[in-house]
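Welcome! Open the structure in your viewer and follow along, one selection at a time.

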Amino acid sequence: MLLVNRAIILNLLLVYLVFANPEEEQGVKYADKCEVCKVLATELEARLDETGKTHDVLEIGYSVDDVAPKKKKEYKKSELRLVESMENVCERILEYNIHKERTDSTRFAKGMSQTFKTLHGLVDKGVKVELGIPYELWDKPSVEITTLKTQCEGLLENYEADIEDWYHNHQGKVPLIRYLCSERALKGQNDSCLYEKVNVEKDVKKQKRKKEKVSKEDINSKENTSDNSQNIKQEL
């Protein structure tokens, strides 16, 4: 059983640590500009969807004698909504994890990666797993994620005017990911990552194969243990 667990851990560590590019030392692969823009556009539109559900009406302007009527504006069309949506939008990236079982831009995603789900499962079974970092830090944002947050903040600052233009003039007509990324931030550059989506079916099949493999190895291990026990009894 110990040998089986070691083999499983070794395979998981290879997935977690091994990458080909020279800058990816110790398994670290930072987001490129396409991935940064994709995440920013995705999170900002998600935040705008959240803030756009209200039917609040704002009263704009002031009057010394409070006699003159104030202008009214729907919150979902206001500058305030955009400001509140952009504020700390990059903080949302700290909810992401690296899914190193994937090789494209979908490796940046929310939720625990399949690799870490399996590793946590081994720990729960009493298997000692060494990743070179304390167990309590396993679920903390990785260096790729904290760097992605910083990259997001830089991109947001550089293209703030474009985002404002989209918000006031193109929202609902052109997707932000196209307006901001394809047509501006990545204009003339590789934007293929914008079209990459998580292949849920592929991930499920891969997970199922892993579980079946582990189950078979566990059964074989138990059978070997049972045979050894019978042999010992016969010898006694």
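Start by selecting Arg184 and Tyr179: in this predicted model, Arg184 lies over the face of Tyr179, 3.6 Å from the centre of the ring. While you have a ring on screen, how many aromatic pairs does the count come to? The answer is 0 aromatic pairs.

**Stop two: α2 with α7**

Now show helix α7, residues 176-185, together with helix α2, residues 33-51. Their axes are 9 Å apart, and the two helices pack at an angle of about 155°. Are they roughly parallel or antiparallel to each other? An angle over 145 degrees counts as roughly antiparallel, and α2 and α7 are therefore roughly antiparallel. Turn the view and you can follow α2 as it passes α7 in a right-handed crossing.

To see the contact itself, select these side by side:

- from α2: Lys33, Cys37, Lys38, Leu40, Ala41, Leu44 and Glu45
- from α7: Leu176, Ile177, Leu180, Cys181 and Ala185

Colour the contact of α2 with α7 by class and you will find 9 nonpolar residues, 3 charged ones and no polar ones.

**Stop three: α2 with α5**

On the α2 side, pick Lys33, Val36, Cys37, Val39 and Leu40; they meet Leu148, Gln151, Cys152, Leu155 and Leu156 in α5. By class, this contact of α2 with α5 has 8 nonpolar, 1 polar and 1 charged residues.

**Stop four: α3 with α6**

Next, hide those helices and bring up α3, which covers 79-86, along with helix α6, residues 160-170. This pair packs at an angle of about 135°, and the axes are 11 Å apart. That makes α3 oblique to α6. The crossing in which α3 passes α6 is right-handed. Which residues meet here? Glu79, Arg81, Leu82 and Met86 in α3 meet Glu160, Ile163, Glu164, Tyr167 and His168 in α6. The contact of α3 with α6 divides into 4 nonpolar, 4 charged and 1 polar residues.

**Last stop: Asn88**

Finally, where is Asn88? Look in the loop between α3 and β3, the latter being 96-98. Check the backbone there: phi of Asn88 is near 60°, a positive value in a residue other than glycine.

Key:
Residues numbered from 1 in each chain as written. Predicted model: local features only at pLDDT ≥ 70, side-chain atom pairs only at ≥ 80, totals over all residues. Heavy atoms only, no water. Phe/Tyr/Trp six-rings, centres within 6.5 Å; stacked < 30°, edge-to-face > 60°. Lys NZ or Arg CZ within 6 Å of the ring centre and 35° of its normal. Axes fitted to C-alpha atoms, helices over the stretch in contact; angles between N-to-C directions. Helix = DSSP H or I, 4+ residues; strand = E, 2+ residues; numbered from the N terminus. Parallel < 35°, antiparallel > 145°, perpendicular 65-115°, else oblique. Left-handed = near helix turned anticlockwise from the far one by under 90°. Contact = heavy atoms within 4.5 Å. Nonpolar A, V, L, I, M, F, W, Y, C, P; charged D, E, K, R; others polar.
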